[in-house]
Amino acid sequence: MLLIDCPYCGPRNGSEFAWQGVPSPRPDPASTTPLEWRRYLYEEDNLAGWVEERWKHRSGCRAYLIIERHTATNEIRAVRLLGGTPL
Ligand SMILES: [Zn+2]
């Protein structure tokens with residue numbers, strides 16, 4: 001079971017959260033190619049190791065979080081609010 005320590009709700013089951021991917025900078029639509037735009041929208045790197053991912057506490061406070069998680073072991077070493085601002 002994945003246990004995520006939400007800054008507002010405390011430790012909660014991972015099933016309460018929605019994974020939303022690894023944040024990446026949005027390319028400029030005016031200058032990017034269709035291939036680069038497609039990669040931005042649909043492709044993920046799927047690294048084995050530590051990654052910072054965006055999650056939403058959909059069944060709790062509905063806050064957006066940045067979670068530093070090891071994708072091979074599911075170990076979590078940091079959880080913070082997206083943008084660092086309270087609700
Ligand atoms: Zn929460």
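Which residues does Trp50 touch, not counting residues up to four places away in sequence? In this predicted model, the contacts of Trp50 beyond that range are Glu68 and His70. Trp50 is found in strand β4, which covers residues 50-56. With 14 other C-beta atoms within 10 Å, Trp50 is partly exposed, because a residue counts as buried only at 20 or more such atoms and as exposed at 12 or fewer. Pro29 lies 21 residues from Trp50 in sequence, and the C-alpha atoms of the two are 30 Å apart in space.

Strand β4 belongs to an open sheet of four strands, ordered β3-β4-β5-β6, with antiparallel pairing. Strand β5, residues 64-70, pairs with β6 in the antiparallel sense over five bridges. In this part of the sheet, Ile66 stands opposite Arg80 of β6.

The largest nonpolar core consists of five residues, namely Ile4, Phe17, Trp55, Leu65 and Ile67.

Definitions and conventions. Residues numbered from 1 in each chain as written. Predicted model: local features only at pLDDT ≥ 70, side-chain atom pairs only at ≥ 80, totals over all residues. Helix = DSSP H or I, 4+ residues; strand = E, 2+ residues; numbered from the N terminus. Contact = placed C-beta atoms within 7 Å. Pairing = 2+ DSSP bridges. Core = buried A, V, L, I, M, F, W, Y, C linked by C-beta atoms within 7 Å.
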